[in-house]
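Q: Could you walk me through this one, starting with a strand and then moving on to the domains?

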Amino acid sequence: MTQIGHGGKTISERVITDVAQVKKRIGGLLQLPISGRAARESIDIAYGFFSPLKGFMGKADVESVCENMTTQDGTLWPIPIVLDVESSVVKDAGLKSGQSIVLTFQHVPLAIMDISEIYSLDKMQLQQSVFGTTDAKHPGVIMYNKLNDTFLAGEITLINSPVFQPPYGQFWYTPLTMREKMAEKGWKRSVAHQTRNVPHSGHEWLMKGAWFSTHGEMPVEKLESGIVVSAIIGPKRAGDYIDEAILIGQQTLQDAGYFRPATHLVSFVMWDMRYAGPREAILHAIIRENLGCTHHMFGRDHAGVGTYYGPYDAHRIFDGLPENSLRIKPVRVLEWWYCPVCGEVTYSGLCGHDDKKQPFSGTLIRSIIQDKVKPTRLIFRPEVFDSLMRCADEYGFGSPFCNETYLEKRQPVFTLSTLD
Ligand SMILES: [Zn+2]
């Protein structure tokens, strides 16, 4: 069955799994080591997370994305997907447009790239367009400032399928396998919930609210709508929840019955956050559109950082998009909080006890957990807390938060074959 993704284009995987064929294709090709980010994005491209992109963008597409928020052919696209390399490497290796090379990651061949262009970019202009700022403190600007000065464009073919390690393997869905899974569950609608957190009750209610919004018009006989928890797996900073705990904690909400398996699925996407606020919200929508979701939940300050964006800028940007430029609908969510008068977790659009409200504070909950104290079940499910402690022992070197040891010695998310 044909699967249609972003831009109305068929999703096609660009992956060769036959080792003999791979060896034949890469024999004699020059090998170029790439970064973790480039490896993750090569994998994303190959499996169609970035469909209709077939490879890393050329200069004209990057400029079009910056200026018009579309690729040259008019497809909505908010953030350039680029491969940077050191200028000296391009020069020393004599790389040329028209040449095919092997991208390697951790000393193993990962993908073939057919170079279509070698170019440079005005990084300041890039930052201003994507982030709306060139402030050197913005984490996205910091990331772009670290990019090398030369960029390669060209189509990608994955030649080494990543093997996701426990616990990641059970949560790994590509756009095509996710669509199969949704068909199996009988879902006609699905709402994506992006996360980088172990869920507290505020997150739980964000998901529940988004599900109500998505499911409201559906017939009562069957549960044909689901929540797709789509965790972002990428580089970590000290103090973040460890990746394993995020996925297992989200799954625990289902295992402990807070969500039915019939309406809930935990998954992840590999992506290095840019913190580009509204523009990044659109990219997240595109990725989940390719995964087959019909709706995408956006909470307060989605993909934002500091005070660079207004708390609901990422909601508003969808209002101005040309009709039919996205096949996924935003579900705009305000705040869930705890209210002692209502005696429950409630919604900012409903509860009128503004002077009594107790907003969820991720920072406060983290500090309680840091002390290994179990928060009350109204704000943090005890089963999730227990899973967090198990993850701390099993994966986190004693802590559910990233520490130096974890950042240095953590288990890899995926491994690659040596192709022998
Ligand atoms: Zn109230």
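Predicted model: local features only at pLDDT ≥ 70, side-chain atom pairs only at ≥ 80, totals over all residues.

Q: Why is strand S10 largely enclosed?
A: Seven of the seven residues of S10 (264–270) are buried, so the strand is largely enclosed by the rest of the structure; buried means that 20 or more other C-beta atoms, placed from the backbone, lie within 10 Å of the residue's own. Strands here are DSSP runs of at least two E residues, and helices are runs of at least four H or I, numbered from the N terminus.

Q: Which residues sit on each side of S10?
A: His264, Val266, Phe268 and Met270 are on one side, with Leu265, Ser267 and Val269 on the other, and they are all buried.

Q: And which way does S9 pair with S10?
A: Strand S9 (residues 225–233) pairs with S10 in the parallel sense over seven bridges, where pairing requires at least two DSSP bridges. Ala231 of the chain stands opposite Phe268 in S10.

Q: Switching topic, what are the domain bounds?
A: The domain assignment, automatic or from a database, gives domain 1 (6–162) and domain 2 (164–415), and their C-alpha centres lie 28 Å apart.

Q: How many residues make the contact?
A: Domain 1 gives 23 residues and domain 2 gives 26, counting C-beta atoms, placed from the backbone, within 7 Å.

How values were computed
Residues numbered from 1 in each chain as written. Buried ≥ 20, exposed ≤ 12 C-beta atoms within 10 Å, placed from the backbone. Contact = placed C-beta atoms within 7 Å.
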